[in-house]
Each structure stands twice: as C-alpha cells, then as structure tokens.
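Thanks for having me this morning. Please take a moment to look at the model on the screen before I start.

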Amino acid sequence: MSSPESSPYKATEAAEHTETRKTEWPLWEIFIRGQHGLSHRHVGSLHAADAEMAIKNARDVYTRRNEGVSIWAVEASAIAASSPEEKGALYEPANDKVYRHPTFFDIPDEVGAM
Amino acid sequence: MSDPLFEYLCRLGDNTLVLGHRVSEWCGVAPVLEEDIALANVALDLIGQTQLWLGLAGEVEGDGRDADRLAFHRDVWDFRNVLLVEQPNGDFGQTMMRQFLFDTWHLSMLKALAGSSHEQIAAIAEKSVKEVTYHLERSTDTVIGLGDGTEESHDRMQKALDRLYPFVGEMFLSDDIDAAMVTQGIAPDPASLRKAFDAQLDAVLAEATLTKPADDFAHKGGKTGARHTEHLGHMLTQMQWLQRAYPDASW
C-alpha cells in the first residue's frame, strides 16, 4: 500500500530517476478509446500493483461516466520519451520548409474537417 | 406480520443501503486515491440499487412511503439487512473481506432474482448483476492480493476473516418470508445458494492462503430485525441525523 505523500517516480522528467519506494505502487499511464474516437488517447496516470489492477483502477478513475470502450495501461517506466532540451534539433528545422506543410491546396467543403 | 413481499424487498434494499453507507465512510480517507474512488463507486452503485429496491418496497406497501422515507425515517428495529453489512469498516482489509463475502452471496442471489416471476424484481436484479459482477471481481482480487501478500497483510486478512465469518451463515438462513417468496416463484431459497458459495469461498481462500474458521457458528437476527448488532444504531445516527434534527427537511 502506498503512503499518501508524494514521492519521485522512476521515469518522470520532473523527478530524479531514483528507485520507486518499496511501499509505493508503480505508476501507469492510461489510454482510453472513447465511443466516438478512433484512437486511444492519453487521459492521465495512476498507481497500481500490476497491469490488471491498473486497468481496474482506470475503469474507476477515468471511465465512471461511460467515457470509454477500451483501456490501455502502460507502465510509465516503459515509455521512451524525447527530452525537452532536444526541442531545437528535433522540431525547428521543419519551420522554414513551408513546402512540407500542405497549405497550398484548396480543400473542398465536402471533405469536412481535416 | 406485514406483507411478505414488502418485508423481502426491505431485506434487499436494507442490505444495499447499509453496506452502501458503510463503504461511503471511506470517501476521502481510503489508503490510496485509486481505492478511494473505487470504493466511492461501489457505494454509489449500492445506493442506486437501494433506491430501486426501497422504491419498489414503498409501492408494494401502498402507504405513501418512498425510498427516502424508508431509508431515513425508520429506526434500528425496522431494518432488515443481514448483520454482516452493518459491521464496522475496521481496517481496509476488513472492509474488503466484508465486501468479498457479501459480493459473493449478492451476485448469486441477484442472478437467481433475474429469473424472478415478479417483473420489476427481475429487472432490478438484471441491472444490478452488471454492477455487482465488477464489485466481486475487485473484492476477490484484493482479498487474494492482500491474503497472499506480505506477512502483515496476510495476518490482517486472516483476522478480518475470523472476525466476519460468523456473520456469513445468516445470509443463507431461510424463514417464513423466504418460503413465501419461493412459493410465488419470486425469489430462491437462500439455503440453496450455500453450496456454490462455499465452493467459491474455498477456492478464493486457497489462492489467498487464508484459512476458513472451523467453527460454523452463525449470528442471526439482522434480516428478521430481531437483534441487530450495536453497530447499526450508531451508523444510523450518522446516516439519519439530518432527518432526525430537521424532520422532512428537503432541498
């Protein structure tokens, strides 16, 4: 059982990457596919002892008002994330290449939302 | 004796009302956020079922009492819940053991009631089955996880089982009211549910490495209203204080 006060977790950017406290359940990231949506969306995170319990907890924490038809739970430490410091190298080169953006087409109204 | 059907509906409604209130006592103070929310969801499900059962009880009685009236304007001796559900929360383990024992009985009872000759009872049971299936899944997992967990969690779960097991037997006692329900095809004989319950209990306890108490002694007097434990009266002073202090107050 975890204790109520917060503590750093493995694999979060904000905290130092120390070991999870022994009394604390691991952190899980929760993705839910809504009835009307096509893909799973990240909705938040929670603590659970294992994957099965993470899905049960997600059901209680995030789908109590009938929001979803499918739940994914991923242990936070299993997610590889880009670092904010690399922002420049990763994304800025795209800014001066307008031809990469499909802004030169007139989209017919019949297409609807893109 | 009043109408057996009214009595019977009060038994169903008071079980869910009293347990729903008990579980709601964890709101805001459960050991972790996730469990807090899950327990509140269970409590809300049970209160929702109470509205249906006691609402129907009031209709059957035909005395103008609705679900709220029955919930908040009766005293201990009028309550017809089994003794198990009024037992105090204790620690989290005791709460989950109580939940598991009740859920196991509750689900098999509701499944039988879904085939009731009484159309409204069958409909309420069918709706409740979906909710209680999930309650049972959750409480079973927790009992196994904590029972087969650390030395401390195991000890606490064993203590909880020893404390609560004497209240299991009452759920399967049959009396005149049950007999009247069986005759009309409204509800099953509670005693007929015992065998499956025991099998399920044994399987879960084995996985949880817990030992069922050898003594089969059963406290009784809750569902007949003859002798509730001292805990129910204390609970009602909390649950009913507003209607007691300001009778008929409304929003």
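This is a predicted model: local features need pLDDT of at least 70, side-chain atom pairs count only at pLDDT 80 or more; totals for chains, interfaces and linings use all residues.

Leaving aside its neighbours within four places in sequence, which residues is B:Met97 in contact with? They are B:Val143, B:Met157, B:Ala160, B:Leu161 and B:Leu164, where contact says that the C-beta atoms of two residues, placed from the backbone, lie within 7 Å.

Residues are numbered from 1 along each chain as its sequence is written, and chains are lettered from A and ligands numbered from 1 in the order in which they are written.

Together with B:Leu9 and B:Leu84, B:Met97 touches the most other members of the largest nonpolar core, which has 63 residues. Such a core is a set of buried Ala, Val, Leu, Ile, Met, Phe, Trp, Tyr and Cys residues joined through C-beta atoms within 7 Å, and buried is said of a residue with 20 or more other C-beta atoms within 10 Å of its own, all placed from the backbone. Helix α5 of chain B, residues 92-113, gives the largest share of this core, eleven residues, helices being DSSP runs of H or I with at least four residues and strands runs of E with at least two, numbered from the N terminus. A second, separate core of nine residues includes A:Trp28, A:Ile32, A:Leu46 and A:Ala54.

Turning to chain A, its two helices and three strands follow the order β-β-α-β-α from the N terminus, and 15% of its 114 residues count as buried.

Finally, where the chains meet, twelve residues of chain A and nine of chain B make the contact, with α2(B) giving the most on the chain B side, four residues.

Definitions and conventions:
A residue is buried if 20 or more other C-beta atoms lie within 10 Å of its own, exposed if 12 or fewer, and partly exposed in between; C-beta atoms are placed from the backbone.
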